[in-house]
Amino acid sequence: MMLNITAFIVPHPPIIISEIGRGEEQKIELTIKSFHQIAQKIAEIKPETIIVISPHAKAYSDCFYMPLSELSNGTFRDFGAPNVQLSVSIDQEFARQIVHKSNEYNTDVYSHLVKEDTLDHGTMVPLYFINQYYTNYKPVKIPLSGLSNEQHYNLGQSIQAVIKEQNKEIVVIASGDLSHKLKTTGPYGYAKEGPLFDQEITQAMKMGDFLQFLSLDEELCSQAAECGRRSFIIMAGIFDGYFVDSTLLSYEGPFGVGYAVAEFKTRNEDESRKLLPIY
């Protein structure tokens, strides 16, 4: 069955919001430009559901946690901008289908009904830009976990299976910063592994080499203090078995943290893109 999906890798620096950055956001002008570019593309696609994979959603070590609620609200209060708020209606049925389908892919997903869920900044930053151009969608928030790379990929495969059963337009957002150790003035200082990690991961984005997301050296990833790799692995699982067109739209890191924006779109089925047996 043909899969027609567009996905984006994006960072989530709260400083990119003008009420928080207070002028500092101008130092990541390329990232802001790319955010507007992809938000406009999403408005053209008009997705009914936007899947957002976030490293800052509530996470557990031994399962993926997906609370089900009708509404999810968030604010940038913790970053000094309490008046910047988001409220979205969740695609509960799509989320339920992911929970159900995950059992077939050996993936542990824990879910229960909650009256109201909270949006994290890994989800809010991309939605902040998307909402400037398009609001007629319902999001599904996908968390990370302490489980293996394989199980993150498996979760992506289960999401792909649900997408194939849905007769609707879907967009995927893989939210994640890169290394946090690019500069001595950055939040975690400098490590030589920081720029090396960003070089390797952005090259993988540019080439659509999703196997590299899985197989990057774990010690390199740890020393680089990376953020988004497992988000990217889930996204890779969603594209399992498909060749993709890939474009690296921008990369910069003036604050000591790597910010990349990339676009991916399915082209055709490709058995060589079933990555877990190779990995």
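Predicted model: local features only at pLDDT ≥ 70, side-chain atom pairs only at ≥ 80, totals over all residues.
Helix 3 (residues 92–102) and helix 5 (residues 149–165) pack at an angle of about 125 degrees, and their axes lie 9 Å apart. Axes are lines fitted to C-alpha atoms over the stretch in contact, with angles from 0 to 180 degrees between N-to-C directions; helices are DSSP runs (H or I, at least four residues) numbered from the N terminus.

Which residues in helix 3 meet helix 5? They are Phe94, Gln97, Ile98, Lys101 and Ser102, and contact means heavy atoms within 4.5 Å. Their partners in helix 5 include Leu155, Ile159, Val162 and Glu165. By class, this contact has 7 nonpolar, 3 polar and 2 charged residues, where Ala, Val, Leu, Ile, Met, Phe, Trp, Tyr, Cys and Pro count as nonpolar, Asp, Glu, Lys and Arg as charged, and the others, Gly among them, as polar.

The largest pocket holds about 240 Å³ of space. Of its 13 lining residues, Pro13, Pro14, Asp177, His180 and Tyr259 are the closest to its centre. A pocket here is an open set of points on a 1 Å grid where a 1.4 Å probe fits, with protein on both sides within 12 Å along at least five of seven lines; lining residues have an atom within 4 Å of a point.

Residues are numbered from 1 along each chain. Local features need pLDDT of at least 70, side-chain atom pairs 80 or more, while totals for chains, interfaces and linings use all residues, and side-chain values use heavy atoms, without hydrogens and water.

Key:
Points joined across faces, edges and corners; volume = space filled by probe spheres on them. Helix = DSSP H or I, 4+ residues; strand = E, 2+ residues; numbered from the N terminus.
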